Amino acid sequence: MHKQGKRVVILGGGFAGLVAAHVLLKSSVADELEITIIDRNGEHVYTPWLYETSSASFSPRTNRTEQKEMFAASAFPFAHLPSYEKMRFRTGEITNVNTEHKSVALADGLTVKYDILVVALGAEVNYFGIPGLPEHCIPLKTLKDAKNIDNALRNLVKTPGKRARTVNVIGGGPAGVEVAAEIVSALRRLESDGQIPEGTIKIQLMDREKILGMFDARVRKTALKRFKKIGVKVLEGTSVLEAKSDHLMVKSESLG
């Protein structure tokens, strides 16, 4: 009679969940484990590509086929992931975790039993309680968010106004820096190809403290120098107080 292994259930198929599964599959006790990943989506979103995806279709460097491939490559179906053949993947919305009976309930009525539970559900967008941000800004956490940014940028390029338009990127961490750099790079290529006049769209990157403050000062200095060269206006010490449909209310402080 086949002896059942310990049931390991991992909630979340992002990087944390997949790394946890990978470590367990490579461990000395891998043969004694039955690993299941549960995620509400049937695919793993490769977030490092979301920055490029967010400006894919309005960039002249990619044709329509390449744009579709870029969007597709940003999300890998769990069933097609290499090196994870010995695992199970279940798509479902988690509704309850019963630690007493060691079970996970899903919205479709399925109950998954476990011996060991790993919670790797990721993070939600933090708007820091700033009024208007959830309604008027586009976050970048999912592939859908990246497509929304791409659509907004494409519409902005196609319908230029009489005055320069401004794209504000809020948050000077790695994500904000990457997004600002990708957008301005695409815009510069459009300008150099004569598809839009120079200065049609301006990019501003703002942070309530200093950009890339979690890194060595040399990294920040290099980023600031690069942004100045490519035309991104960096607003450090700038806090967003409220977001309206067509402008931001901000407060600027000198950082010394």
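Author: A residue is called buried under 20% relative accessible area, exposed over 50% and partly exposed in between (1.4 Å probe, protein chains only). The model is predicted, so that local features need pLDDT of at least 70 and side-chain atom pairs pLDDT 80 or more, while totals for chains, interfaces and linings use all residues. Residues are numbered from 1 along each chain as its sequence is written, and side-chain values use heavy atoms, without hydrogens and water.

Reader: How many aromatic pairs does a search of the whole structure find?
Author: Rings of Phe, Tyr and Trp (its six-membered ring) pair if their centres lie within 6.5 Å, and planes under 30 degrees apart count as stacked, over 60 as edge-to-face and the rest as tilted. Searched in this way, the whole structure gives a count of 5.

Reader: What is the arrangement of the rings of Phe-15 and Tyr-46?
Author: Their centres are 5.8 Å apart and their planes stand at 70°, so the pair is edge-to-face.
The two residues are 31 apart in the chain, with Tyr-46 in the loop between E3 (43-45) and H2 (50-53) and Phe-15 in H1 (15-26), where helices (H or I, at least four residues) and strands (E, at least two) are DSSP runs numbered from the N terminus. The arrangement, then, is edge-to-face.

Reader: What is the relative accessibility of Tyr-46?
Author: Phe-15 is partly exposed, at 39%. Tyr-46 also counts as partly exposed, its value being 27%.

Reader: What is the angle between the planes of Tyr-46 and Phe-76?
Author: This aromatic pair is edge-to-face, with a centre-to-centre distance of 6.3 Å. Phe-76 lies in strand E4 (residues 75-77) and Tyr-46 in the loop between E3 and H2, so the pair ties together parts 30 residues apart in sequence.

Reader: Which residues form one aromatic cluster?
Author: Phe-76, partly exposed at 31%, is one of the members. The complete cluster consists of Phe-15, Tyr-46, Trp-49 and Phe-76.
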